[in-house]
Amino acid sequence: MSNNRSGSFLGGLLLGAAAGTVAGILMAPRTGRETRQILKKSADALPELAEDLSTTVQFQADRLSESALRNWDSTLGRLKDAISAGMEATQRQHQALEKSDSLATQSQAPTRDTLL
């Protein structure tokens, strides 16, 4: 069933492309010669356009890389601070529990009066 759907889709795609091409040729505002000249000029400008695009992409990649490194350093610093604070809180909680356990143990120890 999926083969039938993909076949129908491809058939519709080809039919639409053919209809678009025919409509474009019939409704073109320029002659074929003018269109070819424009396409040639555009093709001649492609290497310069590609170089400009490459430079822009490289510049943006460098900028994003620097930004990512700054953000990483900041995040790493906050993470270290959070881990340190968590360890300190854990130690304080552990000491508080040990203290409460020792107080509970002392209060449960038999006294001299209860033994007599």
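Helices are DSSP runs of H or I of at least four residues, numbered from the N terminus. In the predicted model described here, the protein chain holds three helices and zero strands. Read along the sequence, these elements give the pattern α-α-α.

Confidence was considered before the local features. The mean pLDDT of the protein chain is 82, and 89% of the residues score at least 70. Among the elements of the chain, helix 2 has the highest confidence, at 86, whereas helix 3 (residues 112-115) has the lowest, at a mean of 54.

The accessible surface was examined next. For the protein chain this surface amounts to about 10,800 Å², and carbon and sulfur atoms account for 62% of that area. The chain has 116 residues, of which 0% count as buried.

Helix 1 spans residues 2-26 and contains Phe9. The relative accessible area of Phe9 is 58%; because this value is over 50%, Phe9 is classed as exposed. Together with Leu10 and Leu13, Phe9 makes a nonpolar surface patch of about 330 Å².

Helix 2 covers residues 32-108 and includes both Lys40 and Asp44. The side chains of these two residues, Asp44 and Lys40, form a salt bridge with an N to O distance of 3.3 Å. A search of the whole structure returns one salt bridge. Asp44 and Lys40 are four residues apart in the helix, which corresponds to about one turn. Asp44 has a relative accessible area of 52% and is therefore exposed, the cut-off being over 50%. Lys40 is likewise exposed, with a relative accessible area of 52%.

Gln60 also has its place in helix 2. The side chain of Gln60 is joined to that of Arg63 by a polar contact of 2.7 Å.

In summary, the predicted model consists of a chain with three helices and zero strands, in which 0% of the residues count as buried. The local features described are the nonpolar patch made by Phe9, Leu10 and Leu13, the salt bridge between Asp44 and Lys40, and the polar contact between Gln60 and Arg63.

Definitions and conventions: Residues are numbered from 1 along each chain as its sequence is written. This is a predicted model: local features need pLDDT of at least 70, side-chain atom pairs count only at pLDDT 80 or more; totals for chains, interfaces and linings use all residues. Side-chain values use heavy atoms; hydrogens and water are left out. Patches are made of residues with over 30% relative accessible area and no salt bridge: like charges are joined within 9 Å, nonpolar side chains (Val, Leu, Ile, Met, Phe, Trp, Tyr) within 5 Å. Accessible areas come from the Shrake-Rupley method with a 1.4 Å probe; for residues, only the protein chains shown count as cover. A salt bridge is a side-chain nitrogen of Lys or Arg within 4 Å of a carboxyl oxygen of Asp or Glu. Helices (H or I, at least four residues) and strands (E, at least two) are DSSP runs, numbered from the N terminus. Buried means under 20% relative accessible area, exposed over 50%, partly exposed in between (1.4 Å probe, protein chains only). A polar contact is a pair of N or O atoms within 3.5 Å; within protein, one must be able to donate a hydrogen and the other to accept it, and residues adjacent in sequence count only if both atoms are side-chain atoms. pLDDT is the predictor's confidence in each residue, from 0 to 100.
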